[in-house]
Amino acid sequence: MDSKGILLQIGPFTVRLDSCIEVVNRSVHKLYEGYNFFEEKPDVFIDFYIRIDRPNFYRGYLRSQVQCYVDGITPFKPLPIAQSYPFFEWGLNWIIASHVHYYLLIHAAAVEKNGHVLVLCGEPGAGKSTLCAALASRGWRLFSDEMAVIDLKTNEVIPCVRPISLKNKAIDLIGDFYPGAIFGESFKDTAKGTLSHLKPSKESVKRFEERAFCKWVVFPQYREGSETCLTSIEKDKTVIELAKNSFNYNALGSLGFNSLCDMVERSHCYEFEYSDLNEAITLFDELAC
Amino acid sequence: MFLLVSLFNKVKLSAYKEVDCRKVGESYLAYSNLNSETISLSYFAYCMLLSLISREMNMSDLMSSQAQYAKELNSDELLQVLEKTINELVIHGFIYKLPN
């Protein structure tokens, strides 16, 4: 197998990726530029091993499919070879969400400004990645687009900076909004439609070890033509919604409950409806002042 | 009502040890590790659950301990509210009844 192992530090995790699929290696080197790539040494602990490869001759060459092997197992069905790179990102999401129980993991985007973290939580399609990408393009430091990682002891949010996954209309929207945006390749006809990844800023990547506390929990909802509207919501509702959107809340038991309550205790909680990204950013910039 | 309380006194109530509850801002929440359920509580239910976490109680203990949190209710109303709250907490796996 012509496989080149890539070892990189992604937030608090060390990941080894092996793939002989060209687009995977090319995309990783482009989108993860500036990350800590390193050589495998006996004293380096690897958290996750991911391999993206053709599964066998029939699937790999006759049907042009790839498989994602995470820590040697195959939890997914093979996908078309054209979706090899998203498969790596999804595989990484899956392995973190299903194996990391020493942090509280919430399906949410997180960005930081002036030492305070804004957590954006919502159902898929609510517009959290779009808003996260827009904020990250205007001076907010990206922590994560996919999952907010919370330290169970200190309650700090831990950066887990990765490329922002944008879908369908959001790709052009952010491309127009942020002319300096660097995108990876576009992947069409995935389960989520067309997908492209936005490279995180150098600043976000460089400061990947700087944690901060959450100050705002926001449930955004993009609605075409809507007014920008930020509405306070109760903390009990916020805890319950965040618990529903957590990957491992149930596995953590009381520890997860108390960690979530502590986080919400110190945060302002809102529902947010928007259609205009400039207005949204102005509003959040004012909050952060 | 006396009969009802007497009947209730034949059972004791207790919170499961896997139950946690706390105040967050102006809200009250409880978590049960038995079924991983998180629920929002009224102040009254929160005080009741806190009492049951600290020790098991029969109905009359509970009525006297909770009376201070529902001063606007007469004893019939208090009993009704208690009964409803107990049922909800039992259904959601936060407390259980045991023979006295």
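Guide: In this predicted model, helix α4 of chain B, which spans residues 75-91, lies across strands β1 and β6 of chain B and runs at about 105° to β6(B). The sheet to which these strands belong is open and has three strands, in the order β5-β1-β6 of chain B, with antiparallel pairing. Strands β5 (57-58) and β6 (95-99) of chain B stand at its edges, and each has a single partner strand, so one side of each is left without a neighbour in the sheet. Between strand β1 of chain B, residues 11-15, and β5(B) there are two bridges, and the two strands run antiparallel; B:K12 has B:N58 of β5(B) as its bridge partner.

On the α2(B) side the contact is made by B:F44, B:C47, B:M48 and B:S51, while α3(B) brings B:L62, B:S65 and B:Q66. Sorted by class, the residues of this contact between α2(B) and α3(B) comprise four nonpolar and three polar residues, with no charged ones.

From here the account can pass to the interface between the chains. The contact takes 12 residues from chain B and 14 residues from chain A. On the side of chain A that touches chain B, helices α7 (235-244) and α9 (254-265) of chain A each supply at least two residues, and the largest share, six residues, comes from α9(A). By class, that side of chain A has six nonpolar residues, four polar and four charged.

Chain A has an open sheet of three strands as well, in the order β13-β15-β14, and its pairing is antiparallel. Its edge strands are β13 (164-167) and β14 (183-190) of chain A, each of which pairs on one side only, and the twist from one strand to the next averages 25°. Four bridges join β14(A) to strand β15 of chain A, residues 193-198, and these two strands run antiparallel; here the bridge partner of A:T190 is A:G193 in β15(A). Two helices of chain A lie across strands of this sheet: α1, residues 22-31, lies across β14 and β15 of chain A at about 135° to β14(A), whereas α3, residues 84-99, lies across β13, β14 and β15 of chain A at about 95° to β14(A).

Domain 1 of chain A covers 4-99 and domain 2 covers 103-288, and the C-alpha centres of the two domains of chain A lie 24 Å apart. Their contact takes 17 residues from domain 1 of chain A and 23 residues from domain 2 of chain A. On the domain 1 side, the elements that give two or more residues are α1 and α3 of chain A, and α3(A) gives the most, with six residues. By class, this side of domain 1 of chain A has 10 nonpolar, five polar and two charged residues.

Notes: Residues numbered from 1 in each chain as written. Chains lettered and ligands numbered in written order. Predicted model: local features only at pLDDT ≥ 70, side-chain atom pairs only at ≥ 80, totals over all residues. Contact = placed C-beta atoms within 7 Å. Nonpolar A, V, L, I, M, F, W, Y, C, P; charged D, E, K, R; others polar. Pairing = 2+ DSSP bridges. Axes fitted to C-alpha atoms, helices over the stretch in contact; angles between N-to-C directions. Domains from an automatic or database assignment.
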